[in-house]
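Biologist: I have the model open and want to go through the fold with you. Can you start with the terms, then take my questions as they come?

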Amino acid sequence: MTQIKVNVNNQPMNVISPISLSELVALKQINVDGTAIAKNAAIVSKRDWSTTYLNNNDTVDIFTLVAGG
């Protein structure tokens, strides 16, 4: 295992590799309901989160649906 740098929602973050998108969401304690993820500007289907792994210098954008008026 090695440490890599990723950018999550414009914030630099060091994580242990290998790490999947599912593991990143769990690490950040984000509720998956209403959540979407883009890796390097490409939306990743929720069913692929557990098999999509991060590489050094990847950019991850996590979007969460917020209800309101």
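Modeller: Two strands count as paired if DSSP finds at least two bridges between them. Strands (E, at least two residues) and helices (H or I, at least four) are DSSP runs, numbered from the N terminus. This is a predicted model, where local features need pLDDT of at least 70, side-chain atom pairs count only at pLDDT 80 or more, and totals for chains, interfaces and linings use all residues. Residues are numbered from 1 along each chain as its sequence is written, and side-chain values use heavy atoms, with hydrogens and water left out.

Biologist: Fine. How do β1 and β5 run, parallel or antiparallel?

Modeller: Parallel, with two bridges joining them. V8 has V60 of β5 as its bridge partner, and N7 has T59.

Biologist: And how many bridges join β1 to β2?

Modeller: Seven, and those two strands run antiparallel. One of the pairs is K5 with N14 in β2. The hairpin has two residues between the strands, and N9 takes a positive phi near 50° there.

Biologist: What is the order of the strands in the sheet?

Modeller: β2-β1-β5-β3-β4, an open sheet of five strands with mixed pairing. β2 and β4 (42-44) each have a single partner strand, so one side of each lacks a neighbour in the sheet. The twist from one strand to the next averages 35°, taking axes as lines fitted to C-alpha atoms and angles from 0 to 180 degrees between N-to-C directions.

Biologist: What about β3 and β5, how many bridges there?

Modeller: Five, in the antiparallel sense, with β3 covering residues 35-39. T35 stands opposite T64 in β5.

Biologist: Change of topic. Which residues touch the most other members of the largest nonpolar core?

Modeller: L24, L54 and V60, out of 15 residues. β1 (2-8), β2 (11-17), α1 (21-27) and β5 (59-64) each supply at least two residues of this core. A nonpolar core here is a set of buried Ala, Val, Leu, Ile, Met, Phe, Trp, Tyr and Cys residues joined through side-chain atoms within 4.5 Å.

Biologist: What is L54 in contact with?

Modeller: Leaving aside neighbours within four places in sequence, L54 is in contact (heavy atoms within 4.5 Å) with I4, V6, S17, I19, L21, L24, K39 and V60.

Terms used. Buried means under 20% relative accessible area, exposed over 50%, partly exposed in between (1.4 Å probe, protein chains only).
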